[in-house]
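Please read this briefing with the structure open beside you, and locate each part as it is mentioned.

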Amino acid sequence: MARIIIPTPLRKFTDHNRNFTTDKDTLAEAIQQFVEEYPDVESNLLDEDGNVRSFIKVYIGDDEVDPNKNGTIELSEDTEVSIVPAIAGGC
Amino acid sequence: MTNWENVEFSSKELGHYSRHLSIPEFGMEGQKKLKAAKVLAVGTGGLGAPMLQYLAAAGVGTIGLVDFDVIEASNLHRQVLFGASDVGRPKVEVAKERLQEINPHITINVHETRLTSDNALEIIEDYDVVADGTDNFPTRYLINDACVMLDKPNVHGSIFQFEGQVSVFNYVDQDGERGPNYRDLFPEPPPPGLVPSCAEAGVLGVLPGIIGCIQASEVIKVITGIGEPLAGKLFLFDALNFSTRTVKVKKNKDNPLVGEDPEITELIDYQEFCGLPSINGEQEEETESEVPEVSVKEYKSWIDRGEDVQLIDVRKPYEAEIAEIGGELIPLDDILDKADKIDRNKKVVVHCRSGQRSSDAIKKLQEKYGFDNLYNLKGGILAWSEEIDESVPQY
């Protein structure tokens, strides 16, 4: 099953789980399944239109993908999806 | 780096740098480039402290330090340039002392100020490389934009709890190809409050040490030209499961600085861009608060006179474990649900760490339930510790 790597800022909404495995075949379905599993993630990950927020990038492997463009980005058994939000700490 | 060929070293310097000189790829040329280089570190805190120690030790000839902050006890678990006896002193002052001790052969320039749109271009202009170790989005976008306008590489590091990110932005490679910048990666900052700061969310003390050292390594690579800098890439580190990933950063045609239709041609108001009140606005708010306030001395006088006052603490439970002054704990997130615990018939003082969250709590209670007997403890538990009872820990 494909795996979504959950970034630290979202882990407080995922019972501190760092990964989410999905049996879905497309990225859009996987993200939907992810926010259904952890409803508090939704408003932090997605905007009012259901699109991934502009300060968050989504990668498959090391390539950026745009999950908002279409729902046809396919996931395979060993796909690793990284959600990468902007963080600003340095102090 | 310009004019490095004519750089010379004393015998003491040659001894100091001998282990660099013996690396074939680095050698005398690399060391000369380091000595000729000028690096500006914005922020001398968690990321800056480890990074600066290595840059100084390595022999970067001129290092600029930008910071307006003073050292607090809560800095010491990660800001390893500073010790307990330095609390209360300006960070740049102590950093300069330590760095000159590490390497007396280099020059340290101190800029004890907040980097702003008014001074950023003037300060950055004199340097070859900028290392961003700041702790907020407005300054990160400011540094990015200034570096693009001045054609300087920006070595970026950022951290959150257990996770760190590093990249080299606006880097021009040997073929003259310019890499992406921060706005290519993140066109917009998160809305205020969505991504908590280190002060709110905490940070594993060793994490900025790891990320800051990687920044130092990238700065040295950019200066000397050895290896492949993290340009066009974002390095991700998670200390919890020791995972490292490196993902690609692509240029964005809509980048407002260097995209197809650039809109930003001069530095802007970055507080406004990030949806935050202006720095001056914050200061004005401090003098003209929106909610009734009480100073710690005045509140102490109420208690001493035996007045019946209820004290509400709106911090998180873990904060109350660190320091408390006898308040009833109702965290800010729960304040509206537990408003029935707040007395309406006597003075109620609301406090947090520094006074911001308690002010927010009072506004919520006033708006939803019409409370008119609430006072914000000005400066919070920090002010209490400073002015009333120094045995209360500052954090």
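A residue is called buried if 20 or more other C-beta atoms lie within 10 Å of its own, exposed if 12 or fewer do, and partly exposed in between, with the C-beta atoms placed from the backbone. By that rule, buried residues make up 41% of the 395 residues in chain B. The model is predicted, so to speak of local features a pLDDT of at least 70 is needed, while side-chain atom pairs count only at pLDDT 80 or more and totals for chains, interfaces and linings use all residues. Residues are numbered from 1 along each chain as its sequence is written, and chains are lettered from A and ligands numbered from 1 in the order in which they are written.

**Chain B overall**
- Chain B has 16 helices and 13 strands, where helices (H or I, at least four residues) and strands (E, at least two) are DSSP runs numbered from the N terminus.
- Taken along the principal axes, the box filled by the C-alpha atoms of chain B is roughly 75 × 50 × 40 Å.
- Two residues are in contact if their C-beta atoms, placed from the backbone, lie within 7 Å; of the contacts in chain B between residues at least 6 apart in sequence, 70% join residues at least 24 apart.

**Where the chains touch**
- Chain B gives 38 residues to the contact and chain A gives 21 residues.
- On the side of chain B that touches chain A, at least two residues each come from helix 7 (137-150), strand 5 (154-160), strand 6 (163-169) and strand 8 (243-248) of chain B.

**A sheet in chain B**
- Five strands of chain B form an open sheet in the order 9-13-12-10-11, with parallel pairing, and two strands pair if DSSP finds at least two bridges between them.
- Strand 9 (293-294) and strand 11 (328-329) of chain B stand at the edges with a single partner strand each, so one side of each has no neighbour in the sheet.
- Strand 10 (residues 309-313) of chain B pairs with strand 11 of chain B in the parallel sense over two bridges, and B:E328 in strand 11 is the bridge partner of B:I312.

**Helix 1 and its surroundings in chain A**
- In helix 1 (residues 27-37) of chain A, the residues A:L27, A:A30, A:I31 and A:F34 are buried.
- Seen down the axis of helix 1 of chain A, these buried residues fall within an arc of 100 degrees, so they line one face of the helix; the arc is that of the directions from the helix axis to the C-beta atoms.
- Strand 1 (2-5) and strand 2 (19-22) of chain A are among the elements that cover those buried residues.
- Strand 1 and strand 2 of chain A run antiparallel and are joined by four bridges.
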